[in-house]
Number of protein chains: 2
Amino acid sequence: MEQIKVFLNEDEMPRQWYNIAADLPHPMPPPVGPDGKPIGPEMLAPVFPMNLIEQEVSTQRWIDIPEEVLQILWQWRPSPLCRALRLEQALGTPAKIYYKNEGVSAPGSHKPNTAVPQAYYNKVAGIKRITTETGAGQWGSSLAMACQMFGIECKVYMVRISFDQKPFRKMMMQTWGATCIASPSNTTNAGRAILAQDPNTPGSLAIAISEAIEDAVTSKNTRYALGSVLNHVLLHQTIIGLEAKKQFAKIGIYPDVIIGCAGGGSNFAGMAFPFLADKIAGKKNPRVIAVEPSACPKMTRGVFAYDSGDVAMMTPLLPMYSLGHTFVPQPIHAGGLRYHGMAPLVSHTLREGLIEAQAIPQLECYKAAVLFAKTEGFIPAPETSHAIAMAIREANRAKEEGKAKVIALNWSGHGIMDLSGYQAYFDGKLSDYNLTEAEIQKAEDCLKGLPKPPPLK
Amino acid sequence: MEQIKVFLNEDEMPRQWYNIAADLPHPMPPPVGPDGKPIGPEMLAPVFPMNLIEQEVSTQRWIDIPEEVLQILWQWRPSPLCRALRLEQALGTPAKIYYKNEGVSAPGSHKPNTAVPQAYYNKVAGIKRITTETGAGQWGSSLAMACQMFGIECKVYMVRISFDQKPFRKMMMQTWGATCIASPSNTTNAGRAILAQDPNTPGSLAIAISEAIEDAVTSKNTRYALGSVLNHVLLHQTIIGLEAKKQFAKIGIYPDVIIGCAGGGSNFAGMAFPFLADKIAGKKNPRVIAVEPSACPKMTRGVFAYDSGDVAMMTPLLPMYSLGHTFVPQPIHAGGLRYHGMAPLVSHTLREGLIEAQAIPQLECYKAAVLFAKTEGFIPAPETSHAIAMAIREANRAKEEGKAKVIALNWSGHGIMDLSGYQAYFDGKLSDYNLTEAEIQKAEDCLKGLPKPPPLK
């Protein structure tokens, strides 16, 4: 019988994170202020604790995972690498499809991989309270759990459309002792300003980030935590790809194609970067594909620019593919992919030609998700369905070409708290959305007055 | 650092189920008809396929798990055995607490361990369609998934109050291709009769069973499937305890106390019976505790009697601890424990003195569940919280006695689709309930006219 799963024991789990900044062919442009001048670490100190800022700017290749963090990660890690054998059979493909199941964590996704170390480093720095934003709720609930474990208070600003669609996520955060409110709220200046313009706004991550940062910088002993985009977040997620490499090595396989969905970029980077190390070193040459929704296509239709991470421009300007910080994407069900910008490190690897980007429309993703659930059992998150849809495209291509390639995807989370999206799909209430030229123009206009990143050299 | 998890690889997973019927000190009384005469296998043939009926009456000690079943079980099995180290630390106990995490399956509980083989054996027998009932939805969704994997049509009668309160479970079943309707429905005689009496009835498991059986016996190529209580269901669940024994052996430990929550009895039996084999053989002497809710205390306050599995008395009479088939438990949140009777095999081991039974009130269970979630991350199902509450009682006793005993509990499922129960708990809307003497008297009256099982001999 075919082997379905590859486990690692705890003593085989990586003890260090991989920092791709050490290996980039060209240096990445630094974050800058509105004047175009680089932001120093001390300017971030009101927002993040200094130990995390040091990780953010580090170019050290390997960074030790603290023992206190390992002990908690072990509650669900190492996560299994699974063969989607029944999906392969349903597709009739000669390709082998493997998925790294990050849905086994308590909140149900990869997010606690960084929530736990972030809470830990805040604890070490003496911080008593952390604020954050959340889209679909995966990040907010993960940070709630992590803060609980280190005795830190946690406040989550949840994008209103998700807050309304997903009441269970709020209950989950409450169970882990956190407070969760809908964003925009009337508890911050940023929230009140948006509500004054449009009282019925569905909200966006960019708005929620503004609220959470404002709360952090104006409250005592409080810092802010971000669930994606930043270098240190992507660093913490590399445990996914480091484990996957060990698991593939155990069965004597190196994947030909590596796939992850990309919202802010962290689950994709976590899976991809350890494999990119081999690609940069010239040892291996896998195709590495970041998949975004057609309704929020920053990598395939956005602009590489310096842009702000939030609508109120409270963050430094980051060099990234963006649709502009004022962009409000359609309310597609993959809430975790509704962010206007792409992580600088992911944007940089795309510029470097190390990875490629693909946009897939919502209906194809749900179709893929349902086929996955019917063959493999596990019901994927709407975000994850983008990676599955891409894997199915690749598996079908392998069939046409008669090639037995190995496809590896990061199964970033389960969808059993997102079943209303499936219901809407079955009821025929969902549709695809492609950005209009006017929206693209608006993105370009939004970015026009900002400093420009230098060309690659 | 302390080891947190014990994995088994696929090739270490048991290839046979353990049948405790082969080792019982005294023979178990057979199922009988209303006349007190034993029911022959052929009388069950309209309800179940003959290969499952053969398992139901088998006294063979080991029964092979078919390869087609193994290949699907591997999608989530072997499940991890985890040390609840942070819970131990929070309790300050010298005891070690281990939990077998059955929440890792796609529907989130132990139920697919039997849903998959039941669907398989029906498929082998040429059955095209399976009907069942579901209360909280764990069983219905597990059978939906299993039927999907074998290309069998699945129809689930879901207790109306749960159908209305838990729409996500229905969406899950639909995602796996099953049809789920509210019970009582107007599609069966049993349902129509109840609706004629009370069009606004919230329904009950007993009514839903009557509808599902009527549908099965009156439809072409259709059989019925039950998610607990019966011998073959408990047999399939023994994979839990067989794996746990191997995992404990790997770390050189044999547990002193083994705990499971008990509704129909299947998750408890699945964990406990493989350990009871050692106890019966005189090799080991663990305490084995079945935990029931104080609001539905059939083992601690019910009667050992021949009783029917449903209110319409469509099933044979089974020898079991019961509160009477007319018993309507309070609407506590652990829906899976709201059944009037206990599996005959579990009832028999209780009579034999091999196990003990304890009843725990709801609020103590939620308190235990929240402590577990805050320390271990994973949010338990309300049913599972009963096992956790018992483990905490034992851990606290170990602390008083200064004994470093090892406690093993079956963590039967996660509660992330049951968060409304947690919300009600946090909102102070839940209360405890103890049966009145009048209710106990009513149970005895209900059972009075039925045949009596013989004494142990």
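Where is A:Pro184 found in chain A? A:Pro184 sits in the loop between strand S8 (179–183) and helix H8 (189–197) of chain A, where helices (H or I, at least four residues) and strands (E, at least two) are DSSP runs numbered from the N terminus.

## Basis of the model

This is a predicted model, in which local features need pLDDT of at least 70, side-chain atom pairs count only at pLDDT 80 or more, and totals for chains, interfaces and linings use all residues. Residues are numbered from 1 along each chain as its sequence is written, chains are lettered from A and ligands numbered from 1 in the order in which they are written, and side-chain values use heavy atoms, with hydrogens and water left out.

## Backbone features

The peptide bond from A:Ser183 to A:Pro184 is cis, with omega near 5 degrees. In chain B, the bond from B:Arg77 to B:Pro78 is cis, with omega near -10 degrees. B:Pro78 lies in the loop between helix H2 (67–73) and strand S4 (81–83) of chain B.

Most residues other than glycine have a negative phi, and most peptide bonds are trans. A:Asn221 has a positive phi, near 50 degrees, and lies in the loop between helix H9 (205–218) and strand S9 (222–224) of chain A. A:Asn221 is partly exposed, with a relative accessible area of 39% (buried means under 20%, exposed over 50%, partly exposed in between; 1.4 Å probe, protein chains only). B:Asn221 also has a positive phi, of about 50 degrees, and is partly exposed at 38%.

## The interface

Chain A and chain B each give 50 residues to the contact (heavy atoms within 4.5 Å). The two chains bury about 4800 Å² between them, 62% of it on carbon and sulfur atoms; this is the accessible area (1.4 Å probe) lost on being put together, summed over both. In chain A, the residues that lose the most area to chain B are A:Met1, A:Gln75 and A:Thr175, together 15% of what that side buries.

There are two salt bridges between the chains (a side-chain nitrogen of Lys or Arg within 4 Å of a carboxyl oxygen of Asp or Glu). In a salt bridge, the side chain of A:Lys5 meets that of B:Glu10 at 3.8 Å, N to O.

## The nonpolar core

The largest nonpolar core has 289 residues; such a core is a set of buried Ala, Val, Leu, Ile, Met, Phe, Trp, Tyr and Cys residues joined through side-chain atoms within 4.5 Å. Among those touching the most other members are B:Ile259, B:Phe273 and B:Val346. Not counting residues up to four places away in sequence, B:Phe273 touches residues including B:Tyr18, B:Leu234 and B:Val346.
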